Amino acid sequence: MWALIPIANLFLLLKLAGKPMWWFVLMLIPIVNFVIIILLWMGICEQLGKPGWWGIMIALVPVANLVFFLMLVFGQTTYTPKAAAA
């Protein structure tokens with residue numbers, strides 16, 4: 001349900017990546033949000049047992065992001081949650 005609400009899905013992504021919730025404020029700052037989104041996707045990929053560079057591909061490369069995202073979603077991965085830093 002959180003994924004369907006435009007702003008709330010960012011909180012869901014932060015939780016999945018194991019990042020602190022105050023990073024949401026950094027996503028509101030222009031230019032900084034690009035860096036945060038890359039780090040966010042890298043964190044999600046690492047939580048799912050994939051290398052961190054997949055997050056860079058998902059965040060930056062137009063055609064590859066679809067391929068890597070589908071491999072991340074439909075691949076055989078196990079989510080291993082880590083505690084978020086305070």
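Q: What makes the nonpolar surface patch of about 500 Å² in this predicted model?
A: The patch is made by Leu66, Phe69, Leu70, Val73 and Phe74. A residue of a patch must have over 30% relative accessible area. Phe74, which lies in helix H5, has a relative accessible area of 67%.

Q: Why is Phe74 called exposed?
A: The term exposed applies over 50% relative accessible area. The value for Phe74 is 67%, and therefore Phe74 is exposed.

Q: Why is Thr77 called partly exposed?
A: Thr77 is in the segment after H5. Its relative accessible area is 24%. Buried means under 20% and exposed means over 50%; Thr77, at 24%, falls in between, so Thr77 is partly exposed.

Q: Which residues is Thr77 in contact with, leaving aside its neighbours within four places in sequence?
A: They are Leu48, Lys50 and Leu72. Contact here requires heavy atoms within 4.5 Å. For Leu72, with such neighbours again left aside, the contacts include Trp41, Ile44, Trp54, Ile58 and Thr77.

Q: How far apart are the C-alpha atoms of Thr77 and Gly43?
A: They are separated by 14 Å, and the two residues are 34 residues apart along the chain.

Q: How do you know that the span of helix H3 is close to the expected one?
A: Helix H3 covers residues 32-47, which is 16 residues.

Q: Which residues of H3 are buried, and what covers them?
A: The buried residues are Ile36, Ile38, Leu40, Trp41, Gly43, Ile44, Cys45 and Gln47. Their cover includes helices H1, H2, H4 and H5.

Q: Which residues have the most contacts inside the largest nonpolar core?
A: This core has 17 residues, and those with the most contacts inside it are Leu14, Leu40, Ile44, Ile58 and Leu72. H1, H2, H3, H4 and H5 each supply at least two residues of the core. The largest share, five residues, comes from H3. In soluble globular proteins, nonpolar side chains tend to be buried together.

Note on methods: Residues are numbered from 1 along each chain as its sequence is written. This is a predicted model: local features need pLDDT of at least 70, side-chain atom pairs count only at pLDDT 80 or more; totals for chains, interfaces and linings use all residues. Side-chain values use heavy atoms; hydrogens and water are left out. Helices (H or I, at least four residues) and strands (E, at least two) are DSSP runs, numbered from the N terminus. The expected span of a helix is 1.5 Å times one less than its number of residues. Buried means under 20% relative accessible area, exposed over 50%, partly exposed in between (1.4 Å probe, protein chains only). Patches are made of residues with over 30% relative accessible area and no salt bridge: like charges are joined within 9 Å, nonpolar side chains (Val, Leu, Ile, Met, Phe, Trp, Tyr) within 5 Å. Accessible areas come from the Shrake-Rupley method with a 1.4 Å probe; for residues, only the protein chains shown count as cover. A salt bridge is a side-chain nitrogen of Lys or Arg within 4 Å of a carboxyl oxygen of Asp or Glu. A nonpolar core is a set of buried Ala, Val, Leu, Ile, Met, Phe, Trp, Tyr and Cys residues joined through side-chain atoms within 4.5 Å.
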